[in-house]
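Please have the sequence and the coordinates open beside you.

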Amino acid sequence: MNVSDAHVLQDLEEVAERELNRHLSVAREWFPHEYVPWNRGRDFDGELHGEAWAPEQSPVSGLAGTALKVNLLTEDNLPTYHHQFATVFGRDGAWGTWVHRWTAEEARHAVAIRDYLLTSRAINPVDLERARMAHMSKAPPVNDVGLLENVTYVAFQELATRISHRNTGRIAGDPVCDRLLARVAMDENLHMIFYRNILAGALEIAPDATMRAITDVVSSFAMPGAGIPGFERAAAHMAIGDIYNLRIHHDEVLQPVLRHVDALDRSGLGATGRQAQEELGSHLEELSNKVALSEERRASMLARMAARAASQ
């Protein structure tokens with residue numbers, strides 16, 4: 001952390017404490033075991049000599065299974081995220097309390113989703129474990145960006161995760177799965193609000209540097225699961241299935257956060273802040289054009305898939 005980051009972190013301590021207290025006052029206690037259909041569970045093959053997993057046992061659609069796997073493997077990488085946040089935000093005061101509270105809540109998501117997947121036999125448990133080992137055994141990317149970039153990234157990323165979980169539940173075809181992911185999404189929304197409000201506070205304290213961070217993060221944003229084996233193929237399926245795609249990213253993730261912090265219309269910026277603001281506007285225009293093209297391609301692909309299905 002450089003000297004500038006240290007000053008901003010200290011100046012944001014009061015905002016962090018306020019947001020931590022707000023979060024603790026509204027977060028509802030819940031228990032993963034109450035969301036898992038334990039009566040569906042039975043032994044697998046192997047040491048317990050149970051029944052081998054087969055695709056027809058899954059209560060969820062193939063698309064939902066793909067999304068559940070990506071979402072869980074993203075949650076599984078929590079040790080990396082905790083280390084990064086504890087390094088950037090510190091372990092003391094309101095920041096440290098938040099980092100540990102956030103980690104505990106995120107760990108609960110992984111527990112609940114994995115228990116659901118295994119009891120319901122929703123996806124191949126061997127593939128899931130091999131993917132977990134491969135993903136977590138890789139050296140994580142170096143987090144060489146500053147405090148403001150980290151705060152900005154998670155403000156968008158938590159909202160993106162909430163939407164991905166919620167959309168997965170809606171298309172799963174299993175009410176139990178939908179209920180669980182709706183509960184997980186509620187936590188993710190509260191996390192987003194914390195970071196979004198921290199971002200708004202940062203814009204008041206260091207407007208030019210924060211605007212630069214927003215522009216840099218928005219223009220290079222990638223989901224944290226990008227390092228998962230087979231992620232690109234899975235992400236393509238999720239995009240076609242309207243779980244998470246460029247339109248959702250633009251309309252339901254970037255725009256709401258940017259509007260809330262008044263990033264595009266904020267006044268009182270210096271020369272560097274105004275330049276970053278102009279770059280942000282230009283990037284969003286380009287992204288909007290890409291959204292239109294991607295929607296056309298998606299509609300064409302869906303039409304071809306429907307035609308093939310009708311001819312069979």
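## A buried loop residue

Ile243 sits in the loop between α10 and α11 (246-260); helices here are DSSP runs (H or I, at least four residues), numbered from the N terminus. This is a predicted model, in which local features need pLDDT of at least 70 and side-chain atom pairs count only at pLDDT 80 or more, while totals for chains, interfaces and linings use all residues. Residues are numbered from 1 along each chain as its sequence is written, and side-chain values use heavy atoms, with hydrogens and water left out.

With a relative accessible area of 0%, Ile243 is buried (buried means under 20%, exposed over 50% and partly exposed in between, using a 1.4 Å probe and protein chains only). What does Ile243 touch, not counting residues up to four places away in sequence? Its contacts (heavy atoms within 4.5 Å) are Leu63, Ala67, Ile163, Ser164, Asn167, Thr168, Ile171, Met238 and Ile248. Of these, Thr168 is 75 residues from Ile243 in sequence, and their C-alpha atoms are 6.1 Å apart.

## Where α8 meets α9

Two packed helices are described by the angle between their axes and the distance between the axes. For helix α8 (residues 175-205) and helix α9 (residues 207-220), the axes come within 6 Å and cross at roughly 135 degrees. That makes α8 oblique to α9. Axes are lines fitted to C-alpha atoms, for helices over the stretch in contact, and angles run from 0 to 180 degrees between N-to-C directions. Under 35 degrees counts as roughly parallel, over 145 as roughly antiparallel, 65 to 115 as roughly perpendicular, and the rest as oblique.

On the α8 side, the contact is made by Leu199, Ala202, Leu203, Glu204 and Ile205, which meet Pro207, Thr210, Met211 and Ile214 in α9. The residues of this contact divide into 7 nonpolar, 1 polar and 1 charged. Here Ala, Val, Leu, Ile, Met, Phe, Trp, Tyr, Cys and Pro count as nonpolar, Asp, Glu, Lys and Arg as charged, and the others, Gly among them, as polar.

## The second largest pocket

The second largest pocket holds about 340 Å³ of space. A pocket is an open set of points on a 1 Å grid over the protein atoms alone where a 1.4 Å probe fits, with protein on both sides within 12 Å along at least five of seven lines; lining residues have an atom within 4 Å of a point. The volume is the space filled by probe spheres set on the points, with grid points joined across faces, edges and corners.

Of its 21 lining residues, Gly65, Thr66, Lys69, Ile123 and Asp127 are the closest to the centre. Elements giving two or more residues to the lining are α3 (62-76), α6 (125-137) and α10 (231-240), and α3 gives the most, with 6 residues. The lining divides into 12 nonpolar, 7 polar and 2 charged residues.

## Two positive phi values

Most residues other than glycine have a negative phi. Arg121, however, has a positive phi near 55 degrees. Arg121 is found in the loop between α5 (93-120) and α6, and is buried at a relative accessible area of 1%.

Asp262 also has a positive phi, of about 55 degrees, although it is not a glycine. Asp262 lies in the loop between α11 and α12 (271-311), and is partly exposed, with a relative accessible area of 34%.
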